[in-house]
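Colleague: Hi! Could you walk me through this one while I have it open?
Modeller: Happy to, here it comes.

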Amino acid sequence: MTPALPPAFPETTFVLVLVLLLMAPLAIAGVALLNVGLGRSRSAAQALLGNLAIVAVTAIAFALVGATLAATTGAGHIFHAAGKPWNWLGTGPWFLSGLSSASPQAQLGLLFEFLAVALAALIPWGSGADRLRLAAGCAIAAVLAAIVFPLAAHWVWAGSGSETGGWLSKLGVNFSLGAGFLDPAGAGVIHVLGGLSALAVVWIAGPRRGKFPQGGFATAMPGHNAVYILFGCLLALTGWLAFNLAGAVLWMHEPLGGLPVTAVNTLLSASGAVVATLAVTRYRFGKPDASLCANGWLTGLVASSASAAVVSPLAALFIGIVAGIMTPLLVEVLELAVSIDDPSGAITVHGAGGLWGLIAAGIFARQAGQLTAQVVGIAALLGLLLPLAYLLFWLLNRVVPFRVEADGERIGMDLHELGGGAYPEFVIHRDESYR
Amino acid sequence: MKYAGLLVMPAGFFLTLSALVLFPASSPGVRAGFVLCGLAVEALGLVVAVRGHMEAEAKNRQ
């Protein structure tokens, strides 16, 4: 039987957060559509099936292992250094036992984490499009959901409002750094982690065949369906609004009266970003680029995940504009200068966009020491979780090879892995870059 | 080279943690500076790892 609701979390708040979390999967749907649209037509069915399989695998892996390590309630594994407690790992019940008797807030927190880990695991799948095997995508998602994501989630979200929270969330209490590491909707835990995982996957899997030909520039391999991409952006907006509002209530205990401003900030951040990307691509290429504008919109949303609940509307607009200017430039640098083949642009959108959002939250939150707290959180994500993710994926690649055989890339992932294409009534043209 | 870069990154993280432990809250400027140094070490490690990736890609093209 569910215990009575605590006074700090009344029934109206419970219902609101539950409804928001039921809308949050639209963010997952939006990112899935972007992943498919930015890939090639001959891999579309495999890409979308992969998105679906990854959501399923992350749910199972997180339920079996991850939820225990990510637990946002309970004591956690704590060691003491310099007279301060460092809560670094959760000690939740195994296999979700006792979930029905947990507090409503804890149940909602767990639901938030289930959706967050699914979104995080989709990010590297988009970067590995057109060459990542379905089994590899699922294995990567399982490792992320069982080991890497729970660490970050526990550090940032555990014990908000209690004495012994995750060590990043308690930076304010223990070290007088503002309100601790601020990341209410997962700019760091979901997006930076996903973007860094995407970088590790791309490093291990390598580029698509023909992407970087000998003695020439990178081959343009545009996404196959701009409609999927742009409609995915609109779906993502709804999901992001849900994530940002639910995260603000769950992890920052924001009063309901402050939620409309958070929603407006989310919209302003995305709007500023897409207008800025539109202007930059119009200036650089003579015409606006649809897929880069979509990436810009998403970067604005990602940046808002950290900052929407703590900044003013004007600051949210500025954050979005910076994100929108940064997106096309960084996509170009990664592809042309650094030879990183990232079809979905996830390293820029989620990795760099999330980092910018975290820094911006520190700059505009106007609390003493907040920027330092944000930098410490970024240092933890970058310095500990990127090498950890790379190591785990490198080992995983020995067991479940990430990359499909050359023939699979040539005929397309749909025919190679599924035996049929996404568009059977249309002729899929031969790609000249495979000569 | 890529692995060397990835090994440098945790060193930067521990430098950041040591800033929190070593410097008191009464000197936030010094502590923030030390934290930034830790992040700079991580950035250096990332640059080395990226350079390693670029070299490997250049070899694969030949």
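Modeller: One term before we start: two residues are in contact if their C-beta atoms, placed from the backbone, lie within 7 Å. Also keep in mind that this is a predicted model.

Colleague: Good. With that in hand, which residues is Leu193(A) in contact with, leaving aside its neighbours within four places in sequence?
Modeller: Leu193(A) touches Ala120(A), Val148(A), Phe149(A), Ala152(A), Gly188(A), Leu381(A) and Leu385(A), once those sequence neighbours are set aside.

Colleague: And what about the largest nonpolar core, which residues have the most contacts inside it?
Modeller: Leu193(A) again, together with Ala246(A). That core has 167 residues.

Colleague: Which helix gives the largest share of this core?
Modeller: Helix 5 of chain A, residues 134-157, with 18 residues.

Colleague: Let's step back to chain A as a whole. How many helices and strands?
Modeller: Chain A has 15 helices and two strands. Its C-alpha trace spans about 65 × 45 × 40 Å along the principal axes.

Colleague: What share of chain A counts as buried?
Modeller: 60% of its 435 residues. As for contacts in chain A with a separation of 6 or more, 80% are accounted for by residues 24 or more positions apart.

Colleague: Now some helix packing. At what angle do helix 11 and helix 12 of chain A pack?
Modeller: About 145°, with their axes 10 Å apart. Helix 11 of chain A covers residues 313-337 and helix 12 of chain A covers 346-364. Their crossing is right-handed.

Colleague: Which residues make the contact?
Modeller: From helix 11 of chain A, they include Ile319(A), Val322(A), Met326(A) and Leu330(A). From helix 12 of chain A, among them are Val349(A), Gly353(A), Trp356(A) and Phe364(A). By class, the residues of this contact are 14 nonpolar, four polar and no charged.

Colleague: OK, chain B. What is in there?
Modeller: Two helices and zero strands. Chain B is more spread out than a compact globule, because its radius of gyration is 15 Å, well over the 11 Å that the globule rule gives for 62 residues. The C-alpha trace of chain B spans about 55 × 15 × 5 Å along its principal axes.

Colleague: What percentage of chain B is buried?
Modeller: Buried residues are 32% of the 62.

Colleague: Last topic: how many residues of chain B are in contact with chain A?
Modeller: 23 residues of chain B, against 22 residues of chain A. Helix 1 (2-22) and helix 2 (28-61) of chain B each supply at least two residues of the side that touches chain A. Helix 2 of chain B gives the largest share, 13 residues.

Colleague: And by class, what does that side of chain B have?
Modeller: The side of chain B that touches chain A has 14 nonpolar, five polar and four charged residues.

Note on methods: Residues numbered from 1 in each chain as written. Chains lettered and ligands numbered in written order. Predicted model: local features only at pLDDT ≥ 70, side-chain atom pairs only at ≥ 80, totals over all residues. Helix = DSSP H or I, 4+ residues; strand = E, 2+ residues; numbered from the N terminus. Rg over C-alpha atoms; globule rule 2.2 N^0.38 Å. Buried ≥ 20, exposed ≤ 12 C-beta atoms within 10 Å, placed from the backbone. Axes fitted to C-alpha atoms, helices over the stretch in contact; angles between N-to-C directions. Left-handed = near helix turned anticlockwise from the far one by under 90°. Nonpolar A, V, L, I, M, F, W, Y, C, P; charged D, E, K, R; others polar. Core = buried A, V, L, I, M, F, W, Y, C linked by C-beta atoms within 7 Å.
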